Amino acid sequence: MPEQPLLHYLWIVPLLPLLGSAINGLFGAKRPNKYVTATAITSTGLSFLCALEAVREFFESGQVLFRKDSFTWITAGNFRAGFDLQMDQLTVVMLLVVTGVGWLIHIYAIGYMAHEGGYYRFFSYLNLFMFFMLILVLAANYVLLFVGWEGVGLSSYLLIGFWFLKKSAADAGKKAFIVNRIGDFGFMLGMFLLFRAFGTLDFQTLFAKAGTWQPDAMGQFGTLTIACLLLFMGAAGKSAQLPLYVWLPDAMEGPTPVSALIHAATMVTAGVYVVARSHILFTHSPTAMLVVAIVGCATAFFAATIGLVQTDIKKVLAYSTVSQLGYMFLACGVGAFTAGIFHLMTHAFFKAVLFLAAGSVIHAMGGEQEMSKMGGLGKKIRWTYVTMFIATLAIAGIPPFAGFFSKDAILFASFQNETAGRILYGLGLLTALLTAFYMFRLIFLTFNGKPRYDEKKVHVHESPWSMLGPLGVLAILSVIGGWFALPTFFQGPDYFANFLAPVFGGAPEAAGAATEAATHQLELILGGVAFGTALLGIVIAYWLYLKTPRKPDDLAKSMKPAYTTLLNKYYVDELYAFLVVRLLWLSTNVFWKAADVVGIDGTVNGIAHGAAAIGDGVRHSQSGNTRSYGVWVVAGAIVVLAVIFFWPGAGKAVWGLVR
Amino acid sequence: MLHGGHLLSVLIFFPAVGALALMMLRGDDHKFIRAIAMVVSVAEFLFSLLLLRGVPIGSSGYQLEEFAKWIPAPPIHYHLGVDGISMFLVLLTTFLTPISVLASWKSIQHRVKEFFVMLLMLEVGVVGVFLSLDMFLFFLFWELMLIPMAFLIGIWGHERRVYAAVKFVLYTMAGSILMLVGIIWLYNATGTFDLPTIQQTLATGQLILEPRTEMLLFLSFFFAFAIKVPLFPLHTWLPDAHVEAPTAGSVMLAGVLLKLGTYGMMRFCLPLFPEASHRAARWVAVLAIIGIIYGALVSLVQPNLKKLVAYSSVSHLGFVVLGIFALHNISIQGAVYQMLAHGISTGALFLLVGML
């Protein structure tokens with residue numbers, strides 16, 4: 001027995017959900033739900049416990065990067081990729097978020113999915129997702145990471161299309177998969193380029209080599225920049241950034257626990273994780289960093305504006321997720337990887353609550369998702385209301401809830417950025433205002449005001465405890481999740497940043513004491529500004545939706561073009577449908593019908609017909625008629641004689657040929 | 001016998017024995033015929049597993065070689081051998097054949113006996129191609145495999161089956177004629193049909209080919225294989241053949257027969273004519289890339305599911321050719337992998353399409 005049993009057998013952590021998935025998938029169909037539940041919950045729960053124990057051992061060993069090469073998977077020439085797992089501080093954060101939140105959502109799903117067909121199928125997919133996600137965060141090289149990366153894409157596809165009889169769900173699944181594949185294409189090219197440049201895809205060796213990488217002759221457009229941008233293309237696909245974000249809102253067709261787990265808390269953050277994991281590459285390329293920051297910031301703002309007018313409760317949350325992911329990329333882009341990961345963690349907590357609570361609302365309303373048909377639910381489903389309210393405070397950025405600290409850290413970091421700090425900060429702050437507004441709009445429309453549904457028909461009921469329990473735990477986490485950074489406001493250390501410092505390097509400590517005081521003051525001011533902005537957003541929402549409930553409609557009418565543009569999500573889907581789908585469809589049809597059928601096959605058949613025609617022509621000479629053969633013999637003899645007679649040299653040539 | 005002695009011969013001729021046995025049966029007991037075909041093909045698969053022991057991992061060169069004099073003049077001999085590449089392809093073949101038998105269990109109700117005879121003879125031809133080390137023997141099996149496949153398409157196919165079968169045969173024949181010319185030229189120059197001997201003669205410089213001659217020879221072989229792959233723009237027989245073929249035929253066609261082309265490129269084009277391969281590599285790669293993208297795009301708009309899979313084969317085999325002609329250690333390994341993966345996955349796809 002090794003000293004740290006679970007670190008050495010780290011593969012157990014991902015293996016458990018895989019087993020659960022296999023058992024449920026292969027034998028679950030005929031079993032009662034009880035067994036399926038037990039398998040799914042036990043496997044993920046055990047996985048969570050193992051992860052906890054592994055993390056404990058990691059701390060015990062003094063927090064040094066641990067890696068374990070289990071076996072070699074691919075060798076070809078000098079290329080090697082192994083099933084290598086590693087554990088460092090970044091992994092710890094991701095591992096705990098994935099297993100912890102994942103387990104809670106599994107528990108929630110018992111209640112939520114209780115009456116659905118295909119119960120075993122659902123849990124089999126969900127466990128499969130956990131397996132791939134754990135591979136993704138534990139992998140010690142890009143190739144294994146990519147296995148997890150594609151795997152979560154697959155499980156995401158399966159789960160979005162879970163109700164595959166519904167056409168919209170099946171389409172949404174396909175859309176998610178295809179858009180992700182576009183990003184993955186870039187990701188793969190990025191990997192190839194890295195392998196070409198460094199000869200390895202193993203994190204440790206690669207980053208060690210990249211650390212001393214000399215910028216090559218191409219400067220700004222050197223290898224690293226291109227590789228980083230290609231990796232970011234994959235990240236943008238997975239994490240739903242501009243211009244590849246279109247799949248995420250549609251992904252809400254999946255069951256709500258799926259939206260919470262995959263499309264809010266874990267999978268969509270994989271892109272952020274990859275950028276943070278490759279931070280050494282990114283920091284070597286200012287251009288790539290700037291692109292990440294701009295895309296992140298633009299996405300944050302863009303998605304928030306769409307979120308303002310959506311009426312489907314899950315769609316609001318979906319755009320809010322896109323927007324928050326934009327924040328995380330903004331953080332990475334300005335070099336504040338810690339802040340990005342911090343926001344990733346807090347976001348996992350409060351967004352999980354938001355989705356699960358929304359699921360609880362939908363459950364209570366008997367499947368209704370339109371907020372215009374809700375209202376006044378606060379009194380009837382009190383626990384859902386309370387938890388959702390806490391999470392909303394967290395996402396809006398009200399201290400001391402978790403979201404405030406992480407968002408503040410991001411805004412603070414972007415303010416200090418030299419290249420485009422003020423613009424990034426300004427847009428970020430504006431987004432914070434919009435966030436607070438649309439989130440409270442959601443709360444007010446759903447839980448406050450007068451009921452807008454038929455109270456006789458809809459029997460509103462609170463959800464079972466299996467659903468409320470996880471909600472409560474996650475709500476508590478979204479309160480206290482940000483307190484790691486609390487001491488910074490009293491000139492204390494930032495525990496979260498210090499914890500991740502071995503991974504990202506401890507840059508902030510470099511500043512002198514005098515500037516530190518100034519920085520601290522700036523931080524306080526900016527924190528105050530952010531808080532004020534959030535409050536303003538809440539007040540506007542309160543005034544519009546509770547005080548003067550008719551006002552929003554008037555506003556929408558008076559600003560009709562803007563409103564319809566937002567409602568139709570800037571017509572991006574339509575644009576893609578025309579530019580990509582339609583044109584591709586037309587051009588490939590031309591390819592097929594003109595080039596393939598007429599061009600190539602036409603030539604082939606033409607040759608065949610030509611041969612047949614010649615054969616047909618010659619056939620007439622073989623008539624079987626003795627007299628016609630006689631004519632041919634005479635004609636031939638005349639030709640031969642004529643040649644010999646008129647062209648003396650030819651006879652010799654013919655003779656030579658025959659001999 | 002089974003530890004090395006004549007394993008390869010057994011692998012080639014065991015299905016032929018099975019086919020012979022089937023031929024002697026009366027044709028109306030369909031159940032019995034199917035059972036025999038199944039037993040034979042499963043047993044063949046089990047035999048082929050012995051290859052795993054016969055070809056040690058990391059071994060180089062041909063293993064389990066067999067040699068018997070056959071025709072003294074011209075010196076055509078029965079020379080068999082297996083290495084890492086052909087072993088996997090033989091395994092793929094013997095693995096897919098029982099599956100094809102199973103896939104035809106219910107769907108073939110007409111001339112059942114003949115169908116399974118053809119299927120088994122197809123296996124004989126394919127395994128023979130993979131294991132032959134004598135060029136003439138290779139050519140023999142290459143043509144032998146053509147006949148049952150053409151019948152599979154032409155007799156048990158769908159509406160336009162005769163057209164597809166004829167197209168398949170003519171296309172392939174056009175290539176193999178050129179290959180025959182190449183083989184005979186090499187025989188004239190070296191006095192032997194034996195592949196390792198020829199390879200040695202060329203490698204040691206006993207026979208030095210003019211660049212022009214080498215290129216022509218290269219092309220004569222390459223053309224035959226490119227049709228079989230099929231490489232763009234020689235691919236149009238494939239969609240027709242797939243659409244018209246019965247499920248088992250499609251499985252064997254996509255799973256195994258297409259690999260014969262890429263196998264030939266690896267076995268003949270690269271080792272025999274390295275210089276010409278090197279010079280042609282750029283153009284072949286261009287064709288392969290066109291094939292990859294073109295095949296994918298065309299398969300995108302296919303209304304016919306079988307055609308869709310067929311064009312995707314064009315695309316994927318393009319990857320294999322690209323891997324081979326990237327002339328790199330890693331890329332050739334990748335090509336072999338892709339051949340196996342494509343064989344299994346496309347075989348499975350055609351099974352599914354056949355069921356629908």
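## Nonpolar cores

A nonpolar core is a set of buried Ala, Val, Leu, Ile, Met, Phe, Trp, Tyr and Cys residues joined through C-beta atoms within 7 Å. A residue is buried if 20 or more other C-beta atoms, placed from the backbone, lie within 10 Å of its own. This is a predicted model, in which local features need pLDDT of at least 70 and side-chain atom pairs pLDDT 80 or more, while totals for chains, interfaces and linings use all residues. Residues are numbered from 1 along each chain as its sequence is written, and chains are lettered from A and ligands numbered from 1 in the order in which they are written.

The largest nonpolar core has 210 residues, and Ala352(A) and Val353(A) touch the most other members. Helix α16 (residues 337-364) of chain A supplies the largest share of this core, 18 residues; helices here are DSSP runs of H or I, at least four residues, numbered from the N terminus. Beyond its neighbours within four places in sequence, Val353(A) is in contact (C-beta atoms within 7 Å) with residues including Thr387(A), Leu471(A) and Ser478(A). A second, separate core of 124 residues includes Val90(B) and Ala164(B).

## A helix pair in chain B

The axes of helix α1 (residues 7-24) and helix α2 (residues 30-54) of chain B come within 10 Å and cross at roughly 180 degrees. Axes are lines fitted to C-alpha atoms over the stretch in contact, and angles run from 0 to 180 degrees between N-to-C directions. α1(B) and α2(B) are therefore roughly antiparallel, a term for angles over 145 degrees.

## Where the chains meet

13 residues of chain A are in contact with twelve residues of chain B. Helix α25 (residues 572-619) of chain A gives the most to the chain A side, with ten residues.

Note on methods
Contact = placed C-beta atoms within 7 Å. Helix = DSSP H or I, 4+ residues; strand = E, 2+ residues; numbered from the N terminus. Buried ≥ 20, exposed ≤ 12 C-beta atoms within 10 Å, placed from the backbone. Parallel < 35°, antiparallel > 145°, perpendicular 65-115°, else oblique.
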